Amino acid sequence: MSKTRVVSDRISILAGWEDLAEREERSGIHPGDPILLSPDYRVDEILSLYLCRSSFARLEYETKRNYTGDYCLFFDFLWGRGKSWAEATADDLWDFEDWRTRSPRNPRKVGGARWNRGLAALSRLYGWAADREYVAVNPITMRTVTGRYGEAVSVPAARAKNARTSNVRWLTPRAFRRWVDVGLRGHTAEGRPDPRWVGRLEDRNAAYADLLLSSGMRLTEAASLLAFEVPRTRLEGGRYYSGRLARAVTKTKRARTFYASAVVLGEVEGYVESTRAEVVRRAQVRGRYDRHSQWRLVTHQSGRLRRMLHWRDQDGVVGQTPLGEASVAERMTYFTEGPEGLEPLWLWLNESGLPFRPASWENVFRTASQRCEKVLGEVMAEPPFATPHMARHSFALYMLVVLNHLMDQRMGLTVEERRDFRLLYGDPWRMVQDLLGHAELETTRQIYLAPVADLQLRSLLAEPAAEVSGDFGMPQERMTALFARIARESEGIQDVDERMEVA
């Protein structure tokens, strides 16, 4: 079957004598906006209007990317029936639902949660088109259900009822370390550097992965950090340092504090002072930043409670933007004047010295997991794999365990004292909720920390302490044994094979 194509930046065809950028601006098309091409290479004017000028254009980048893929699948299905997207009927949608979720003819069926996401994308498109009478019939039939607070809520009739809220997976600290060493640093199964390893930017990749695990940040939150937003380690030392996430880059659109270990921040500083400095200097020598299509030179900053970035662009236009309001796309355009010329403020750079796009981290993690499968497949029954979000899951599990340890052992609290402590400061569940930036405690309990939601952590942590101490004063041997036990008793937690660890 012919496939609907996505052009994700600018249309590359010039027409007449008009400047392309001016035509795009007049049409409301901006860099990064998706443009759909039908299998016969036609651009639908109404779809372009929806993708670039409706509320769809204000969605988060990842949501737009996912929804665009969902549209392509449905439009290809309709194309096979000789229909355009505007000719879809309710029967077409139900047939698509059957093919997508149940049909034995489909080798890549999806579950309820994945189907519901695609249905949400289609509901947004056809609701918009029906309101403006671009389609004669809305193929998304609706039904009324009772909401959480007893109110009547209208939802698509095709919505799956058996959808899993999340397919969450975790790694124990030692499993994540093995994944980083083998997948990102190119170590062998024996834990030694592989002389044949030709990995690129391994210090950047490892520092980013470790920062995710140490801080619990989401992919885009960590990927869009500016260099000056990373906490700096101090000579007087400290185990953890705090930083601040801007409101504009968080999923909840609320600023929050994050914490990262001194060890991980040392990795980030090492990357900044070595590999990052090298790619920046190479780009400067080649004049890449001077030819950059869009940049804003941050001349200075002002304000304490509300930091303001003052900038001027390549056309001499002067402006200012609150740091908390700077979007991910804006952040990629910010530069500063260094000793050798322009330098990006974006922390993570590619080999050309340009901002490494957040979506590209998925490929880095996927490639690392594939290498673990290849290298460790012969010595482990289940080699570790990871995604950026799994690092966040694993952070939540780790923090719950160590926070319970702090309350139970290090503080020596009795049952009554622990109750008073919870009343004053909140229990570890709420502490982890705050660290993750979840709006609802139930999200933290039921999804991220399901493996330990019903475990009696007090009894698990009550064994005698070993002599070697790890983070937060928790014995390293005790921590390893505890996580190994939780992994054995819970579904979805990856740990290192005990036999391999002994070998």
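Threonine 68 is placed in helix H3, which spans residues 61–79. The structure described here is a predicted model. With a relative accessible area of 4%, threonine 68 is buried, because residues under 20% are counted in that class. The side chain of threonine 68 reaches the backbone oxygen of lysine 64 at 2.6 Å. Threonine 68 also stands 8.1 Å from alanine 121, C-alpha to C-alpha, although 53 residues separate the two in sequence.

Cysteines were examined next. Cysteine 72 is buried, at 9% relative accessibility. Cysteine 372 is likewise buried, with a relative accessible area of 0%. A search of the whole structure for disulfides returned zero.

Charged pairs were then considered. Side chains of opposite charge can pair when their charged atoms come close. Across the whole structure, the search found 24 salt bridges. Three of these pairs are described here with the accessibility of their partners.

One of the salt bridges joins aspartate 40 to arginine 42, with 3.3 Å between the closest N and O atoms. Aspartate 40 counts as partly exposed, at 37% relative accessibility, while arginine 42 counts as exposed, at 59%. The class of arginine 42 follows from its value, because exposed means over 50% relative accessible area.

Another salt bridge links glutamate 97 and arginine 102, whose closest N and O atoms are 2.8 Å apart. Here the glutamate and the arginine fall into separate classes of accessibility: glutamate 97 is buried at 9%, whereas arginine 102 is partly exposed at 47%.

A further salt bridge is formed by glutamate 229 and arginine 331, and the closest N and O atoms of this pair lie 2.6 Å apart. Glutamate 229 is buried, with a relative accessible area of 10%. Arginine 331 is buried too, with a relative accessible area of 1%. Salt bridges with shared partners also occur, and they join Arg81, Lys83, Asp92 and Asp95 into one network.

The description now turns to strand pairing. Strands of a sheet pair through backbone hydrogen bonds, either parallel or antiparallel. In the model, five strands form an open sheet in the order S10-S9-S8-S11-S12, and the pairing is mixed. The edges of this sheet are strand S10 (318–322) and strand S12 (341–344); each has a single partner strand, so one side of each is left without a neighbour in the sheet. From one strand to the next, the twist averages 45 degrees.

Arginine 312 has valine 318, in S10, as its bridge partner.

Terms used: Residues are numbered from 1 along each chain as its sequence is written. This is a predicted model: local features need pLDDT of at least 70, side-chain atom pairs count only at pLDDT 80 or more; totals for chains, interfaces and linings use all residues. Side-chain values use heavy atoms; hydrogens and water are left out. A salt bridge is a side-chain nitrogen of Lys or Arg within 4 Å of a carboxyl oxygen of Asp or Glu. Buried means under 20% relative accessible area, exposed over 50%, partly exposed in between (1.4 Å probe, protein chains only). Helices (H or I, at least four residues) and strands (E, at least two) are DSSP runs, numbered from the N terminus. A polar contact is a pair of N or O atoms within 3.5 Å; within protein, one must be able to donate a hydrogen and the other to accept it, and residues adjacent in sequence count only if both atoms are side-chain atoms. A disulfide is a pair of cysteine sulfur atoms within 2.5 Å. Two strands pair if DSSP finds at least two bridges between them. Axes are lines fitted to C-alpha atoms, for helices over the stretch in contact, and angles run from 0 to 180 degrees between N-to-C directions.
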